[in-house]
Amino acid sequence: MAEVLLLQGVRKSYGGGASPRVEVLHGIDMALAEGSFAALIGPSGSGKSTLLNIIGLLEPPTEGELQLAGGATSGLDDAARTTLRNRYLGFIFQFHHLLPAFSAEENVLMPMLAGVGRISRADRERARMLLARVGLAEHAHKRPVQLSGGQQQRVAIVRALMNRPRLVLADEPTGNLDTQTAAEVFALLHELNREEGTTFLIVTHDPRLADTCQQQFRLLDGRLL
Ligand SMILES: Nc1ncnc2c1ncn2[C@@H]1O[C@H](COP(=O)(O)OP(=O)(O)OP(=O)(O)O)[C@@H](O)[C@H]1O
């Protein structure tokens, strides 16, 4: 199967000059096949967020190569990285960052408005289809404050899936939810993975949720075990 993500010898250091240089990632090799559902686990400070930021093209590696959907990403300027990010990637965070003044449906459509500058009929239909798919058809007009934590996170999941990303990066997507709601949201991610063929890479501290993933990447002190 084709790889949606390939990392070869990825290193990341911070500091240098006056401050001491700290190497956070020490040569990461990693491949993710299209359609896979993978967990990224490891203790606090092991480098999970740093690795996710590099894969998300939010910051460049200090050394090494990262390929996204078969294309190399080293040497690209910020504009080219943003284009790739918008085309291929979706993001889900622990805190959903929904805009409080807008409805669930408007929040889901906001990236389209910000990106292309207009909302097409197809976008609106996809938003409604996905909101219905995650059980929120009756809640599409509500503002975030009128929704439960689990419902808010489901809105954020729909927002991440709107542009049919090849790879969704999720940083502790259930970290802010109670155990039962977390399991439900995680099960929903599994279903969307199967139905939409979207590849997921999910940072989680919950070993039971990680155990439901086909693949586990385990980081320790900036190295994959
Ligand atoms: N901008 C930065 N400058 C200097 N050091 C940094 C920077 N970003 C991260 N680090 C260091 O890199 C290490 C890994 O941090 P990172 O946030 O990636 O870990 P993590 O595994 O995501 O931790 P957690 O589970 O607590 O979120 C930490 O020691 C952190 O202090």
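**Ligand shell and helix packing in a predicted model**

The model is a predicted one, in which local features need pLDDT of at least 70 and side-chain atom pairs count only at pLDDT 80 or more, while totals for chains, interfaces and linings use all residues. Residues are numbered from 1 along each chain as its sequence is written. An unreviewed UniProt entry places the feature "domain: ABC transporter" at residues 5–225; UniProt positions follow the numbering used here, feature names are shortened, and annotations may be inferred rather than shown by experiment.

The shell around the ligand consists of Tyr14, Val22, Val24, Gly42, Ser44, Gly45, Ser46, Gly47, Lys48, Ser49 and Thr50, where a residue is near a molecule if its C-beta atom, placed from the backbone, lies within 6 Å of it. Strand S2 (19–33) and helix H1 (48–55) are the elements that give two or more residues to this shell, and the largest share, three residues, comes from H1. By class, the shell has three nonpolar, seven polar and one charged residues, with Ala, Val, Leu, Ile, Met, Phe, Trp, Tyr, Cys and Pro counted as nonpolar, Asp, Glu, Lys and Arg as charged, and the others, Gly among them, as polar.

Helix H3 (residues 104–115) packs against helix H5 (residues 149–161) at an angle of about 30°, and their axes are 8 Å apart; axes are lines fitted to C-alpha atoms, for helices over the stretch in contact, and angles run from 0 to 180 degrees between N-to-C directions. H3 is therefore roughly parallel to H5, as angles under 35 degrees count as roughly parallel, over 145 as roughly antiparallel, 65 to 115 as roughly perpendicular and the rest as oblique. The contact (C-beta atoms, placed from the backbone, within 7 Å) is made by Ala104, Asn107, Val108 and Pro111 of H3 and by Val155, Val158 and Arg159 of H5. These residues divide into five nonpolar, one polar and one charged.

H3 also packs with helix H4 (residues 121–133), at an angle of about 135° and with the axes 10 Å apart, so that H3 and H4 are oblique to each other. Here Ala104, Glu105, Val108, Leu109 and Met112 of H3 meet Asp123, Arg124, Ala127 and Leu131 of H4, and the contact of H3 with H4 comprises six nonpolar, no polar and three charged residues.

Technical notes:
Helices (H or I, at least four residues) and strands (E, at least two) are DSSP runs, numbered from the N terminus. Two residues are in contact if their C-beta atoms, placed from the backbone, lie within 7 Å.
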